[in-house]
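Here are a few friendly notes on charged side-chain pairs, written to be read with the structure open beside you.

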Amino acid sequence: MGSKDDMSNCPSGLSVGFAYNLYNQDMEYADAFGNAVNDITLFIFDANGMFVEQYAATNQQLADNGYKINVCCLPSGTYQLIAWGGIDNDSFNARTLERGKSGIADVLVKLNTIQEGASDKDLASLFYGRTALLNYKNT
């Protein structure tokens, strides 16, 4: 008689990993994400391009190059993900999005300025990533 495995402790949901791929002078691959990116904000949009959810991670979390953002409670469907790294600092800021009202075009990152188009600070690095539409099945 077979028994059903208990899956209650298994992670579920969508797990999103990040990489910043570099090659050193010896042409050896290295993932420098944890060293280069101080913060990351992940924006999730539905198939119609409407804002669904946002997740953020700080430099303490990102110090581990294998860090992943675990997205829970996302219903099955088609989604697009956009990630910005470096917007949680003195150089840049992002517009606040409203669930169900904001769209992909509303994901704007703005340079913090002292006057139109000018900054008096050394700019931090800015990172960007975007997926194609992906089909997700919540199991």
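1. Let's start with Glu98, which pairs with Lys101 in a salt bridge whose closest N and O atoms lie 3.8 Å apart. Please keep in mind that this is a predicted model. The pair qualifies because a side-chain nitrogen and a carboxyl oxygen have to be within 4 Å. As for solvent, Glu98 is partly exposed at 46% relative accessibility, while Lys101 is exposed at 63%.

2. How many salt bridges does the count come to? Three, by this rule.

3. Next, have a look at Glu53 and Arg99, whose side chains form a salt bridge with an N to O distance of 2.9 Å. This pair connects distant parts of the chain, 46 residues apart: Glu53 belongs to strand 5 (residues 51-57), and Arg99 sits in the loop between strand 8 (92-94) and strand 9 (109-111). Is Arg99 buried or exposed? Arg99 is exposed, with a relative accessible area of 54%, because the exposed class covers values over 50%. Glu53, at 26%, is partly exposed.

4. The remaining pair to check is Asp106 with Arg95, a salt bridge in which the closest N and O atoms are 3.4 Å apart.

Notes. Residues numbered from 1 in each chain as written. Predicted model: local features only at pLDDT ≥ 70, side-chain atom pairs only at ≥ 80, totals over all residues. Heavy atoms only, no water. Helix = DSSP H or I, 4+ residues; strand = E, 2+ residues; numbered from the N terminus. Buried < 20%, exposed > 50% of the residue type's maximum accessible area, 1.4 Å probe, protein only.
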